[in-house]
Amino acid sequence: MDELRLVRRDDQSLIVATDAGEEYRLVVDEAVLSELRHLGRLIERGSREVGRVNPREVQSLVRAGKSRAEIADLTGADESDIARYEEPVLAERRYMLELAQAVPVRTSASDEAQQQFGTVIAERLVGLGAEGTEWSSWRDEEAGWMIALEFVSRDVAHRAVWSFEHRKRLLSPLTPDAE
């Protein structure tokens, strides 16, 4: 396999070349940026003290919905070290999920009685014959708190996602399954 070296940047692309002088354009999209960030963390981790974990970084990643294994992969920290810092944030995520499920909703415009969001969704899941339901919550850096429900109905996997403004007690559907 030929190794490539960076020649120059051109708009949102990198021009790379082989030792033989053949040039190639690498379009830098989100996937490439993600991998470059990961490599940057690996390089940074190599220059840091081995075994040192940043609790804020771990908690930020947990809040963003990353699993213990994903955080270990991203930071190089041992999963046992991650476990020491994740529980308060997991409790926060559970609390946000409870708040969201308790939001009062109406099932139709003419319906005057309000029900809790979680109760309404549970009834609809029964009507769909849903299996394997799993709720989750996380905090997106830009969009704020997110609530998701994954389930299988008639052998089809579904994922419903809502944004959640907890101070206003407002849920907004973001995916077709959430509507």
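Visitor: What is the order of the 3 strands in the open sheet?
Guide: This is a predicted model, where local features need pLDDT of at least 70, side-chain atom pairs count only at pLDDT 80 or more, and totals for chains, interfaces and linings use all residues. Residues are numbered from 1 along each chain as its sequence is written, and side-chain values use heavy atoms, with hydrogens and water left out. Strands (E, at least two residues) and helices (H or I, at least four) are DSSP runs numbered from the N terminus, and two strands pair if DSSP finds at least two bridges between them. The pairing is antiparallel, and the order is S1-S2-S3.

Visitor: Which strands stand at the edges of the sheet?
Guide: An edge strand here has a single partner, so one side of it is left without a neighbour in the sheet. That holds for S1 and S3.

Visitor: What does the twist average from one strand to the next?
Guide: Axes are lines fitted to C-alpha atoms, and angles run from 0 to 180 degrees between N-to-C directions. From one strand to the next, the average twist is 30°.

Visitor: Over how many bridges do S1 and S2 pair?
Guide: Strand S2 spans residues 13-17 and runs antiparallel to S1. Asp10 stands opposite Ser13 in S2. The number of bridges between S1 and S2 is 5.

Visitor: Which residue meets Asp10 in a salt bridge?
Guide: A salt bridge puts a side-chain nitrogen of Lys or Arg within 4 Å of a carboxyl oxygen of Asp or Glu. The N to O distance here is 3.0 Å. Asp10 lies in strand S1 and its partner in strand S3, 15 residues apart. The partner is Arg25.

Visitor: How many residues apart in sequence are the parts that Glu23 and Arg8 tie together?
Guide: The side chains of Glu23 and Arg8 form a salt bridge at 3.7 Å, N to O. Glu23 lies in strand S3 (residues 23-27) and Arg8 in strand S1 (residues 5-10), so the parts tied together are apart by 15 residues.

Visitor: Is Lys168 buried or exposed?
Guide: Buried means under 20% relative accessible area, exposed over 50%, partly exposed in between (1.4 Å probe, protein chains only). Lys168 forms a salt bridge with Glu165 at 3.6 Å, N to O. Glu165 is partly exposed at 35%. Lys168, at 62%, is exposed.

Visitor: What distance separates the C-alpha atoms of Glu87 and Ala20?
Guide: Glu87 sits in helix H4 (residues 79-101). Along the chain, Glu87 and Ala20 are 67 residues apart. Their C-alpha atoms are separated by 53 Å.
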